Amino acid sequence: MSSKNDRTFEKLLSPIRAGAHNLRNRVLMGSMHTRLEGEPDGIERQLAFYRERARGEAAVIVTGGFAPNAEGMFDPEGPRLDDPRQALSLKPICDAVHQEGSLICAQICHAGRYAKFEGCVAPSPIRAPINRYSPREMTAADIRRTIDDFATAAANAQAAGFDGVEIMGSEGYLINEFTVTHTNKRQDGWGGSADNRHRFPVEIVRAVRDRCGPEFLVIYRISAADLVDSGAPAEEIAMLARKIEIAGADILNTGIGWHEARVPTIAYPVPRGAWRQAAANVKAAVSIPVIASNRINTPEVAEDILASGDADMVSMARPFLADPHFVRKVREGRAHEINTCIACNQACLDFIFSDRPVSCLVNPRAGREAEFRDTPSETPKKLAIVGGGAAGMATAAEAARLGHAVTLFEAEDRLGGQLQLARAVPGKREFDETLRYYTAQMCKHGVTLRLGCRATADDLAGFDHVVIATGVTPRIPGVPGVDHVKVATYAEILSGAREAGQTVAIMGAGGIGHDVAEFLVTQPAEANENAAFFERWGVDGQFRKDGALAGDPLAELPAKRKVVMLQRKTSKQGQGLGVSTGWILRNALRKHGVETLAGVVYERIDDKGLHIMLNGEVRVVAADTIVLCTGQEPDRTLYDILTARGIAASMVGGAAEAAELDALRAIDEGVRLAQSL
Ligand code: NAP
Ligand code: SF4
């Protein structure tokens, strides 16, 4: 965890020369699709979004991807840079970023066979497993025209005021599809030998450099580990890196894993800094700056990568959603005040995949900058917040920041509420950072903490307003025998109050059921977290083999226990899990042999285990332990008492609505309520 002012971050804060530019530090804000451009006030919202990140002192900001032409769009409404007038509409964004002292580059990304429409194109007509549309094979004329389109898009960006472009050559998009035999089966001058497969990106870089001149910053994002079968081996990646340098790129950013890869690359199960060796391999091949990326979320990890020489710069994307002022806080000795990205993907990628503008679970202001104010309250109040979970802490920190006098009551002797349970789940230790952040904010803004104090109505009578954030309690279903000694709640298991036996039945297959299943089957974390992760997902930790794969990412793994997870619904289990993380969790459980049963009727619980009816037949799921993951009930006893006594009170988080509660809604509601007081 980032602790108070105990480190300097000399390398991270040191300037670096790249092409014709002096960069003020070693941090690039990585490209993120924001979907802000599709909003009615898209330019204003993008301007506010990027200006805030420039104020936070990212040396270079890379925008979300713009297609170089119509075929290259990700979806039919996607942003593109082939129209000079449309490109010029982005000028105010560039100006705003420049006023704050940062550089801004437009990413040019041709979606290739990932484009979600009829008529998408690729080097060879092979459909991507994650797309229902089959691509058309590009002709030699298509290829030449596309190279020219990249150069035109770059020139349009330059005319609009961008300092440079990032040419997207990784993640399985068009350029990457040319570089590897996995997707390039061509027999002409654009396929076959490595030189032929590399010709497309090399010519694009050369054309962009020729068209835009020596001052223009050209960043090339190279795939440093494809993580797909027949991906590039390390020698080919190094070879391509050298050719890209010679063709005129100023910086090599690195990308990890194709979108269709079955290995997690950025979500919470990936250890911090896991991919640094892939960047180091690229760096060994070239003399231009190389950027490490993916799961770099704290200044400590970034500094370590830079100081070790594995990379010259770091790219952080989601961490700038979580905290736009990341670098500024480091420079001002306030690293402990950084709101850390916890790699949950819940409000960034999952929003994007469900056609919503990007935001952030730990920072609801992200992408909605204009909806929030920083001006102090004109009528400061004496506020009591009851409950120190995510909702309570977010309300308290924001209200105190806006000038209210805040006292927070928490019945436990520590803060966190449900976050204390979530942090026990494999990979979710990142919630510690959220706890650290809110604790630091509450301390900074003078919140009075009353830990170990279960507030009564009398305690709260003297406040102007009370916020009830008392959260939830596990739901106990009305199944006969539910009070049997074998039965435990998820809270008892995750908190360590109860130890599960060797055979476990989990009632409820929602988010918590899946998390508890993973908690129960996963072996204790090995000392070398990276090595364990690579082994679990079949990755070559040296990044030398083809596609950096050393085994089958879906291979079975030993489980700590035998676990059966049940639900009453007949629908597919885990449907409500996050779009970008659910597959990881489902695969992890499958790999550990977790059995799932849907469409069950719970009959009773006794010494034999859990009796169910399935497909009209009675069955006993033998289990030493039965864990209830059957949802939650709101805890609003106190609210009802206060209202009866006429004490002004509001509710946030699980106390307000337990269904579908997660930290995303809890924090969003807390911050918005504080803004409205
Ligand atoms: P949930 O996702 O609503 O799942 C509750 C489960 O309990 C369902 O499988 C439901 O399925 C079952 N259930 C509900 N009432 C029951 C009853 N009376 N008797 C027996 N079974 C009952 O809620 P959750 O798992 O408690 O999670 C809470 C929130 O946190 C959710 O919003 C969830 O998305 C979020 N969360 C997400 C993740 C993640 O995405 N990894 C992890 C943790 C939490 P049946 O009714 O079909 O049996
Ligand atoms: Fe990071 Fe989660 Fe915020 Fe996305 S939503 S930026 S993963 S904390």
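**Exercise 1.** What distance separates the centres of domain 1 and domain 3, taken over C-alpha atoms?

*Solution.* Begin with the bounds in this predicted model: the domain assignment of the protein chain places domain 1 at 27–371 and domain 3 at 480–523 + 558–630, while domain 2 takes 382–473 + 633–676. Next, take the centres of domain 1 and domain 3 over their C-alpha atoms, which gives a separation of 40 Å. Finally, look at the contact between these two domains, to which domain 1 gives 12 residues and domain 3 gives 8 residues.

**Exercise 2.** Work out why helix H10 is described as largely enclosed by the rest of the structure.

*Solution.* Start with the residues of H10 that are buried, taking under 20% relative accessible area as the cut-off: they are Pro299, Glu300, Val301, Ala302, Glu303, Ile305 and Leu306. Because 7 of the 10 residues of this helix (residues 299–308) are buried, H10 is largely enclosed by the rest of the structure. Then identify the packing partners of these buried residues, which are helices H1 (10–13), H9 (276–283) and H12 (326–331), together with strands S11 (290–292) and S12 (313–316). Beyond the helix comes Gly309, which has a positive phi, near 85 degrees.

Terms used
Residues numbered from 1 in each chain as written. Chains lettered and ligands numbered in written order. Predicted model: local features only at pLDDT ≥ 70, side-chain atom pairs only at ≥ 80, totals over all residues. Heavy atoms only, no water. Buried < 20%, exposed > 50% of the residue type's maximum accessible area, 1.4 Å probe, protein only. Helix = DSSP H or I, 4+ residues; strand = E, 2+ residues; numbered from the N terminus. Contact = heavy atoms within 4.5 Å. Domains from an automatic or database assignment.
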